[in-house]
Every structure is written in C-alpha cells, then in structure tokens.
Amino acid sequence: MKQLYFLFITLLCAITTYGQTVLTVIANNNYTNTQGPTPTGVVANVSSIGFTRGAGVNWQTGLEFAAEANNAATNVEAIAENDYIQWSISANTGHKIVLSRLDIRLARRTNPDSGIRRFRIYYSTNNFATAGIPISNNSSNPDGSSSIATSQGTNYTYPIIADSGLEGTVTFRLYAWDGSTTDITNSLYRVFATSDWNGLGINRAGARLFGSVVPVSKTSNIITTFDPIDNFDYALYSGITSGLTTTNAVKIGEFTIQDGGNALTDADALSTTLTDLGLNVVNSEYLSAIALFDNGVNVSEVTSVTPNTTFNAINGGLGIVAADNSSKTFSVYASFKTTVTDNDQLQLTVSSATVQNTGSFFATPNAGGAATSIAGDDNRIEVTATKLNFDQQPSDQPINTIMTPAPTLLATDVNDNFDADYIGIVSITTTGTFAASATTTTTAVSGVATFNNLLFSVTGMDL
C-alpha cells in the first residue's frame, strides 16, 4: 500500500507543479524562418504557436533554436529593431486562459564571448498592437532585464498574471540585447531543451506555460420591464447641463443585466460586467445630459446627447456587475434643453454592450437590443402653458369689416414651447371700440385661440 501511495504522489507531481497545470509545452527545434513555428503540445481547449523569430534576428545552424544578430545596445533599441523571438497560446471556443507561470531555458554564445547578456520578456493580448506588458522578475538590473551568462542553459521561471479573455490569445516576445556589435554571427542565444519539461507529446521542451482553462458563457443579456412615467413635465428638469442626480433629472429608462440570460444560469462561475453601453436615443435633440445610475449613484454621464450615444468606461472602468447566475438593474436619467416639442416621446434602445473580458459575455453584440416602452403616454414630454403669444398679429381694417387674416394666439410655456394640449377660454380687449357684432371671446383648441370675427365700429390708431 505504501508503494502504491508513493507512486500516486509521484504521478501527481509530474502532471502539476505547485498546484498549477501545464497548458502548453513548446519544442526548441531549430526551425528556419521558412519552416514555421516549432512544435507544441497542449491540453484540451487550448491551441498554441511555437517559437518564431522577429525581423531583426536570424536563424543559425545547430540543434537548439537559435536567434543571432542581437546587437542592440538597449532594451529600447531591441524593441525598435524587432530583435525578438515569439510564441503564443490561445483559448478555444467558449473558453479563456488564465496564465500563472512561464518556464524557459536559455543559453548564450560564450566562445567567442559575443553572445547577448540581457533579455526581457513581454506579453500582449492584442498581438502587440500596443506596447507589450513586461513580465516581472527578481533581477537587480535597473532596466528590469534578466541576465544570461552560461552557454550550457539556464532555467528561468517567471510568475505571470495574464488573462486571454474569451477565445483570446496571449502572445509572448523575448527581446535580447547587449551582444557583440562587430561579431554579428556569434551575437546570439539559443533556447535549450530540458527533458524535465517534456510532456503533452513534446520531447524537446524549451519552454512551457502554466495556468488554467476556464469555460466562459456567452448567454448573458439585457432586458427592460420598465414602465416609464406618463406625460412628465420636462421643465422641472431643464437647464441642468451636467452633474445629474436622481432629483434634478427624470428617469427615462431602466435595464437589467442577466448573467446567463433569462434562465439566470450558465456554465461558468463568472459575473457579467458591463463596461460600455451604446443607446439609440429617439428625440435626443431635446436632452441636455443623460446618465447611468447604479444603486442611485451616477456611474457614467454624457453631456452631448446624440441619436447614437455611448457610455464608455462605466464607473471608471469597473462597470456595472451582475453576479454569476444573478441580475443587476441600472437606471437612465436625463435632463432637458429649453426647446422641446409637446407630446413627443423618448425611447432608448440598447445598440451595443461591452463586458470585461474576464467574465461572462453577452449572447449578441447588442445584448438583445432591449428598448423602453412608448406605449400610450409612456415617456411623453408635457409642455404646460403659462402664457398666450400672438401667432397672427391683428391688422389694420376698415371699420365694420371683419379683420383678416384672423388674429391667433398660441398657448406656450415659460420657454415659449407650444402646448399642443391646451384648452381654455380666451378673451381679447382693445383700447378702441369693437363693433357690437364682434366676437371677443373664443375657446382655444389644441393650444390655438382664433378670433375670426373681430371688427371695429370707430376709426382709431394703435387699437
């Protein structure tokens, strides 16, 4: 029984190290640039690409993977001259990779003593479209590089915290420098093999990556069951150009993030974090500002509202979070400009939704395209008249002649917006003398009062 137990422990240690799983093993075959990447072995739901060379370094004969012409003087020069070797690891459909460690075995040319002395490894999740992220090490070199002194091969181990995101790729580049500037052929280093790292079908292991493969759901969505306010008085929320609160602005939308979709269940153990949101806004020209609120807190605000409005880096990039297999509701508040059209309605439709790539994903780019209601009087702008303004001014007419065109007045609010719903009795007076047959009182209908039977019986001026 003791022998079997010891054998079990031995096998377990061969598969995992320090509680980490080897995700890929990269062979050190000395392929030329035209032969392509070196072979790799991988675990399930992972693919990888072996060693290749950057444009600034060359192949050289020998058994071990070689990179020569590393004659840059500094790390910055090595990056500018593309003096690197590269490899990568990718997550397959429905998964992501979380990396925790890199092992690589390196040696330099020491006879003659022309080989490189410094190197640094960077990683990128966008194939180095932007500057790579340097891997930390315990080196005392002021530039953060690692030193290499032996021609026999040294094992280097680096801790990593790198997340590929859903179906993403993590690419590595090793930049080397401080080799001979005159003996280009021998200004080289090699990736050496060690049998201690062999596995996953590779028997010439020069590097390996540790971490975990995590299933990621793509079933989350955004819904709305919000019943908007009917016929709200926009004037209560006008003139506020920024700094929206739940009291100086009106709620015009409410949406719910559902991790795992309508069923609120998915295959991963990750939350859904909304970081960017696009909204199609009907009648956006009336809005002065619009903001997202999470638990009553303004987490993102736009002060130039357009038909296609986008909220970026919500909550400073932390986003709005729906925990795993749960939901999270957030609200949309708005303030108004002073010019609106009575009875027009506001509608919000989700046009795009972006999540943190370390969590669950939406099933579609617009998270289902939820739209707020415009049924009946939902989200309808209400203009409330406070005064009457002449639309058609009175004109000069002979006495006892009906005034044409007929004078009209419009019911407007404090901002001179027309109140299309106003109904009321309107009377008109004069400093002159109306004829006995004149009609000086009328009923305003749909915000318009028309006096179509005005006539004077006495000649006068400025009546």
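Asn295 is exposed in this predicted model, with a relative accessible area of 66%. Asn295 lies in the loop between S19 and S20, and its phi is positive, about 55 degrees, although the residue is not a glycine.

**Backbone features in loops**

- Asp416 is another non-glycine residue with a positive phi, near 65 degrees.
- The position of Asp416 is in the loop between S27 and strand S28 (424–427).
- Asp416 counts as partly exposed because its relative accessibility is 47%, which falls between the 20% and 50% limits.
- Thr404 and Pro405 are joined by a cis peptide bond, with omega of about -5 degrees.
- Pro405 belongs to the loop that runs between strand S26 (387–392) and strand S27 (408–412).

**The largest nonpolar core**

- The largest nonpolar core has 42 residues.
- Ile222, Ile252, Leu274, Leu277, Leu287, Ile290 and Phe336 are the members that touch the most others in this core.
- Several strands each supply at least two residues of this core, among them strand S17 (250–258), strand S18 (272–282), strand S19 (287–294) and strand S23 (327–336).
- Leaving aside residues up to four places away in sequence, Ile290 touches residues including Leu244, Ile252, Val302, Phe311, Val332 and Leu348.
- The contacts of Ile290 also include Ser300, Glu301 and Thr309.

**A second core**

- A separate core of 34 residues is also present, and Phe65, Phe119, Phe172 and Leu174 are included in it.

Note on methods: Residues numbered from 1 in each chain as written. Predicted model: local features only at pLDDT ≥ 70, side-chain atom pairs only at ≥ 80, totals over all residues. Heavy atoms only, no water. Core = buried A, V, L, I, M, F, W, Y, C linked by side-chain atoms within 4.5 Å. Buried < 20%, exposed > 50% of the residue type's maximum accessible area, 1.4 Å probe, protein only. Helix = DSSP H or I, 4+ residues; strand = E, 2+ residues; numbered from the N terminus. Contact = heavy atoms within 4.5 Å.
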